[in-house]
Amino acid sequence: MSEVSVQQADFDVGSEIAALSADDPEAGAVASFVGLVRADKLCAPEVGAGGTAQVAAMTLEYYPGMTEAALAEIVAQAKARWQLKRVRVIHRVGRLLPSEHIVFVGVSSSHRHDAFAACEFIMDYLKTRAPFWKKEETPAGSRWVDARESDDRAAARWEGKET
Amino acid sequence: MTLKVLYFASLSEAIGLAAETIDLPPGGTTVGALRQTLGARHPALLTTKNLRAAVNRQMCGWEAPVEDGDEVAFFPPVTGG
């Protein structure tokens with residue numbers, strides 16, 4: 001099983017989680033994160049405070065070759081920081097509808113601390129260092145999602161920290 | 001020297017191009033200098049906030065060297081996940 005996938009197809013959360021600890025009696029912890037397309041209007045300010053419009057769809061663009069390499073590098077950094085057994089990162093691209101899966105991050109470890117921390121680290125770095133760009137479709141038109149400072153801060157808190 | 005230059009997301013839309021091949025005088029340059037050179041034709045390269053770059057699929061700073069045959073990419077801050 002490859003550790004990193006960038007794909008249009010959906011993934012099955014249950015089988016991905018099961019695969020992280022399959023045939024590994026020393027895996028004592030599996031932590032995972034699933035990101036979904038959110039149908040709110042927080043990211044579409046031009047709709048206005050009283051608007052009822054929602055994000056109708058999201059299109060994910062990526063940089064073939066570089067995106068996979070960036071994800072692999074993030075996984076390598078996580079493995080250097082924590083005692084991990086298996087890691088799986090799946091990021092979808094193309095056009096996605098509300099409630100669809102966007103991203104899966106799962107890790108297995110002997111102990112929960114490493115699993116929780118590595119999962120969060122991978123997501124924080126993915127948000128700021130892996131080349132994916134989101135474009136939202138709203139009734140007011142399409143717009144690219146701006147990067148968030150809160151994501152930069154979340155990634156920065158790992159810098160200079162061992163775990 | 002010949003370079004392949006790629007543009008992504010909102011930057012690609014603003015420029016109206018996803019990729020182009022450019023010829024420059026021989027001798028190498030930096031990503032920052034290339035941004036200025038191409039910015040004369042594509043103003044969005046100079047006006048995009050927090051523009052990022054990669055050389056040969058590795059994110060880099062503006063001082064990174066660029067040589068003949070390199071693939072250089074420009075893009076806005078990433079927003080995946």
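Modeller: Happy to! This is a predicted model, so local features need pLDDT of at least 70 and side-chain atom pairs count only at pLDDT 80 or more, while totals for chains, interfaces and linings use all residues. Residues are numbered from 1 along each chain as its sequence is written, chains are lettered from A and ligands numbered from 1 in the order in which they are written, and side-chain values use heavy atoms, with hydrogens and water left out.

Your chain A question first. In chain A, 77% of the contacts between residues at least 6 apart join residues at least 24 apart, a contact being heavy atoms within 4.5 Å. Chain A holds four helices and eight strands, where helices (H or I, at least four residues) and strands (E, at least two) are DSSP runs numbered from the N terminus. Of its 163 residues, 47% are buried; buried means under 20% relative accessible area, exposed over 50%, and partly exposed in between, with a 1.4 Å probe and protein chains only.

Now to chain B. It has three helices and seven strands, which run β-α-β-β-α-α-β-β-β-β along the sequence. The radius of gyration is 12 Å, close to the 12 Å that the globule rule gives for 81 residues, so chain B is as compact as a globular protein of that length. That radius is taken over C-alpha atoms, and the rule is 2.2 Å times the number of residues to the power 0.38. Along the principal axes, the C-alpha atoms of chain B fill a box of roughly 35 × 25 × 15 Å.

In chain B, 48% of the 81 residues count as buried, and 52% of the contacts with a separation of 6 or more are between residues 24 or more positions apart. Chain B exposes about 3,900 Å², with 51% supplied by carbon and sulfur atoms; these areas come from the Shrake-Rupley method with a 1.4 Å probe. There are 6 positive and 8 negative side chains in chain B, the centres of the two sets lying 9 Å apart. Here Lys and Arg are positive, Asp and Glu negative, and His and the chain ends are not counted; each charge is placed at NZ of Lys, CZ of Arg, CG of Asp or CD of Glu.

On to the aromatic rings. Rings of Phe, Tyr and Trp (its six-membered ring) pair if their centres lie within 6.5 Å, with planes under 30 degrees apart called stacked, over 60 edge-to-face and the rest tilted. That gives 11 aromatic pairs over all chains. One of them is the stacked pair of W62(B) and F74(B), at 6.4 Å centre to centre and 15° between the planes. The partners are 12 residues apart, with W62(B) in the loop between β5 (58–60) and β6 (65–66) and F74(B) in strand β7 (residues 71–75). W62(B) is partly exposed at 29% relative accessibility, whereas F74(B) is buried at 0%. Both chains contribute to one aromatic cluster, formed by Y63(A), W133(A), F8(B) and F75(B).

Finally, the backbone. Most residues other than glycine have a negative phi. A9(B), not a glycine, has a positive phi of about 55°; A9(B) lies in helix α1 (residues 9–15) and is buried at 2% relative accessibility. R57(B) also has a positive phi, near 65°. R57(B) sits in the loop between β4 (52–55) and β5 and is partly exposed, at 38% relative accessible area.
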